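Q: I would like to go through a structure with you. Could you take my questions one at a time?
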Amino acid sequence: MAERFDAVVVGAGPAGSAAALALAKEKFSVLLVERGRTAGSKNMFGGRVYAWPLFDLLPEWQKDCPVERFVTRESLAFLSGDASLSVQFENPASTSGRAASFTALRPKFDEWLAKKAEAAGATLITGIKVDELLREGGKVRGVVAGPDKIAANVVVLAEGAMGPLAQKAGLLPELAPKAVSVGVKETVELPAATIQERFALGEKEGAAVVYAGDASMGLRGGGFLYTNKASVSLGLVVSSEDLARKKVEVQEVMERFRLHPSIQRLLKGGKVGEYSAHLVPELGLGMRAKYIADGVLLAGDAAGFLINNGYTFRGVDLAIASGIAAARAAVDARARGDFSAAGLASYDRHLRALNVLTDLERFRSTGGYLKNERLFSLYPKLLLGITEKVYTVDGSGKERISDVVLQEMKGKAPLFKMLKDFLDAARSM
Ligand SMILES: Cc1cc2nc3c(=O)[nH]c(=O)nc-3n(C[C@H](O)[C@H](O)[C@H](O)COP(=O)(O)OP(=O)(O)OC[C@H]3O[C@@H](n4cnc5c(N)ncnc54)[C@H](O)[C@@H]3O)c2cc1C
């Protein structure tokens, strides 16, 4: 045994760094192991962090957190052909307080959070991959990294989506293609002044746009756009099942999305920077991992703590909150001197207190609802068709809106199905 720590945390993403920081604050000796050259160097996401758990973890986070822009404008845009229809919500006051959210770049944000964990006393090692969980009589007792065996009372597995270590340890079932989406993102560099002018934003203000319909070529999924200080993050999350079934490459979908006139206008003159892809587990709580076992807790994406309900995409805030909850459970286990599954059982209560499990449970059916193909092809087309007719005045005789709606709906899908979709939407959202 090379070394011994009170806790080993695998992965310096938001979940792992939050857990290591919270544990170090509670005077645990903590080893935080990250396989990337630096924390965040291997990580990508769309671009927005809901800030609320940072207030619990680091009350003064705003002092030096690498915020790109505070999101003050939300839009939902439907694309069909060359047309687009968007709904916008603007709130310039949403730059502070627990309801604030901000855009960020993962290499900077993850490194910042990992450094906070280090400053609180955690030992961070990067460029090292944990290969195995160290087991004794079925119980997790530490980790194995290369030739080193590191013992710990508790291991927090925060290795991200797919959780290969968790799968190996039998804590996470192998994920079927239908439980996984593919995320792609590119950043397009533009001068800060151009972004502010083009998106009508103040210096620190940012925009978040969710795209539906032709954004994903009618496949189940959608697009996103976030404004950073001097770049725009543009990307897609698309069902991997649909990509395989329709024999389409995700790059092709991205190319088509980028070429939509409403996107081209926003990105004109920009220089395409990094392009990355990542898997997104879309499991919901029903198919979830065993996130508490003897000597081990799963946090963040590794535990499937992610909510994508079509209008908000929440992974980072749930990852941070679950890291905090894992640390609180470890503190309870230490007080009892019992790091077995029973000793760590308060993780569940702490996850509930931070509304991680409650929110996941509330939106449990949304994942299933978002599997309905009509939401991504038929309805955006219908909406755009109606809008086009409503706003067209060409002297050929104008119809009432109700007639336009009925005409557009005719023959597209049985009325009872549309009504059912509407009721299901109300229930799941
Ligand atoms: C395209 C896309 C867009 C997204 N957009 C958003 C968004 O806008 N807002 C949002 O909140 N969420 C978003 N998400 C989800 C979000 O990225 C995740 O929920 C979040 O990153 C989960 O954090 P985590 O710490 O659990 O895992 P990760 O961020 O994946 O971190 C895991 C870490 O563990 C390390 N690691 C893995 N295995 C090992 C090992 N064996 N040894 C050592 N280190 C290891 C990895 O290198 C990594 O640093 C998006 C995801 C995708 C793919």
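Q: How many residues of domain 1 are in contact with domain 2?
A: 14 residues of domain 1 are in contact with 17 residues of domain 2; two residues are in contact if their C-beta atoms, placed from the backbone, lie within 7 Å. This is a predicted model, in which local features need pLDDT of at least 70, side-chain atom pairs count only at pLDDT 80 or more, and totals for chains, interfaces and linings use all residues. Residues are numbered from 1 along each chain as its sequence is written.

Q: Where are these domains?
A: Domain 1 covers 3–68 + 104–175 + 286–354, domain 2 covers 178–281 and domain 3 covers 373–428. The bounds come from an automatic or database domain assignment.

Q: How far apart are the C-alpha centres of domain 1 and domain 2?
A: They lie 28 Å apart.

Q: And where does the ligand lie, and why?
A: The ligand lies between domain 1 and domain 2, because both give residues to the shell around it.

Q: Which residues come nearest to the ligand?
A: Of the 41 residues around the ligand, Gly 11, Gly 13, Gly 183, Gly 300 and Gly 315 come nearest. A residue counts as near if its C-beta atom, placed from the backbone, lies within 6 Å.

Q: New topic: at what angle do helices H1 and H9 cross?
A: The axes of H1 (residues 14–25) and H9 (residues 316–336) cross at roughly 35° and come within 7 Å. Helices are DSSP runs (H or I, at least four residues), numbered from the N terminus. Axes are lines fitted to C-alpha atoms over the stretch in contact, with angles from 0 to 180 degrees between N-to-C directions.

Methods:
Helices (H or I, at least four residues) and strands (E, at least two) are DSSP runs, numbered from the N terminus.
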